[in-house]
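Subject: Structure handover

Hello,

Here is the structure for your files. My notes on what was found in it follow below.

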Amino acid sequence: VGSFNIKAEYQGDGNFKTSEDTHSHTVNKAATTTELLDALGETDYGQDVQLTVSVKVDEPGSGIPTGLIGLVIVPGPPVLIVEELPENSSVATVVTNTLRPGVHGITAWYLGDANFELSIADPMTHTVKKADSETSLVSSVNPSAFGQSVTFTATVEAAGLGLFAPITPTGTVTFTLGTAGTMTGTLDMSGVATVMTDTLPAGTHQITAEYSGDSSFKPSQDSLRQTVKTIATTTKLDGLVSSAIGDSVDFTATVSETLSGNLVTEGDVTFYDGVKVLATIALNGSGQATYTTSSLAVGLHPLKAVYNGTVNFQASTSQRLYHTVSTTGSTTTLTSSQNPSVFGQNVT
């Protein structure tokens with residue numbers, strides 16, 4: 001490329017003298033046409049977008065262009081990609097997985113070199129859809145016992161064609177805890193959300209974690225079955241072991257959790273004298289139920305207290321308390337209505 005003075009010089013021969021002439025000749029850069037090809041046209045976020053830039057030399061030019069090709073992708077902060085054409089090739093392929101969901105306009109151009117002109121490809125669009133997400137739900141302890149603290153952890157990750165998305169999902173996860181209501185957790189930088197509860201009643205619960213999705217990822221959910229076991233209890237019966245007939249006596253049943261020793265405050269206790277039901281009394285806030293009576297008959301009474309259990313606590317029976325009711329002391333006084341009396345007189 002450039003301007004050249006061309007000289008042709010005839011050397012002459014035996015009959016003709018030498019001669020010459022000059023000519024000014026200009027070589028211009030050859031025109032080029034740049035074409036942009038999108039291999040897929042539509043991808044999920046995180047999926048590779050393959051853009052091919054091809055530089056062709058317009059006739060009558062020829063040769064292999066060298067130098068740089070460039071791409072600008074909008075909207076959002078413009079993505080500028082500049083690459084050098086491969087050696088001995090006028091085709092370059094650009095791969096990126098950073099385009100966020102939306103419709104993107106793409107412009108490509110060839111920057112030219114010493115021999116070839118700059119050219120710009122026709123613009124085109126590429127659609128990026130939200131990527132699939134996958135939610136995994138785990139329980140810290142399963143089965144658990146009533147009143148035990150359980151942590152539910154949901155991990156949300158990119159999935160499907162968007163598996164290699166450059167960022168992790170953001171947003172919130174709604175945990176549905178069966179009949180115990182819902183709780184909401186926010187995803188951290190690692191895509192993990194947790195909630196903790198100790199209010200699940202005994203039974204089997206369907207626990208669901210539902211990811212709400214964000215601007216880059218679709219919603220997803222996972223679920224598990226959480227089993228909450230009833231708590232074993234221990235019932236202890238206290239009271240006097242003996243009394244006299246007619247005395248008022250108290251018998252107190254105390255109900256506690258077998259393993260932890262914590263007092264149980266829900267449910268009721270039935271008091272028995274042998275197989276005879278004496279009374280059923282509700283537990284108070286101190287985990288106790290007290291039966292008071294003054295009507296026990298003389299003799300030995302094998303007493304027991306039975307905690308009847310609830311949906312959360314197992315029933316339990318106390319040890320036998322043997323209570324003896326004895327007769328009480330008495331004094332007899334005898335008096336006469338007439339003393340002395342005479343024969344035939346009435347005497348009371």
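Lys-304 lies over the face of Tyr-272, at 5.2 Å from the ring centre; a charge sits over a ring if NZ of Lys or CZ of Arg is within 6 Å of the ring centre and within 35 degrees of the ring normal.

This is a predicted model, in which local features need pLDDT of at least 70 and side-chain atom pairs count only at pLDDT 80 or more, while totals for chains, interfaces and linings use all residues. Residues are numbered from 1 along each chain as its sequence is written, and side-chain values use heavy atoms, with hydrogens and water left out.

Aromatic pairs

The structure holds 3 aromatic pairs, where rings of Phe, Tyr and Trp (its six-membered ring) pair if their centres lie within 6.5 Å. One of them is Tyr-45 with Phe-217: the ring centres are 5.7 Å apart and the planes stand at 80°, so the pair is edge-to-face (planes over 60 degrees apart; under 30 is stacked, the rest tilted). Tyr-45 is in the loop between β4 (42–44) and β5, and Phe-217 in the loop between β18 (203–211) and β19 (220–229), so the pair ties together parts that are 172 residues apart in sequence. Tyr-45 is buried at 1% relative accessibility, and Phe-217 is buried at 0% (buried is under 20% relative accessible area, exposed over 50%, partly exposed in between, with a 1.4 Å probe and protein chains only).

Sheet

Strands β3, β5 and β8 form an open, antiparallel sheet in the order β3-β5-β8. Its edge strands, β3 (32–38) and β8 (91–96), each pair on one side only. Strands are DSSP runs of E, at least two residues, numbered from the N terminus, and two strands pair if DSSP finds at least two bridges between them. Strand β5 (residues 49–57) is joined to β8 by 6 bridges; Leu-51 has Val-94 in β8 as its bridge partner.

Core

The largest nonpolar core has 63 residues, and Leu-71, Phe-152, Val-173, Phe-175, Phe-251, Val-269 and Phe-271 have the most contacts inside it. Such a core is a set of buried Ala, Val, Leu, Ile, Met, Phe, Trp, Tyr and Cys residues joined through side-chain atoms within 4.5 Å. Strand β14 (residues 150–159) gives the largest share of this core, 5 residues.

Ser-256

Ser-256 is found in strand β22 (residues 249–257) and counts as buried at 17% relative accessibility.

Regards

Technical notes:
Helix = DSSP H or I, 4+ residues; strand = E, 2+ residues; numbered from the N terminus.
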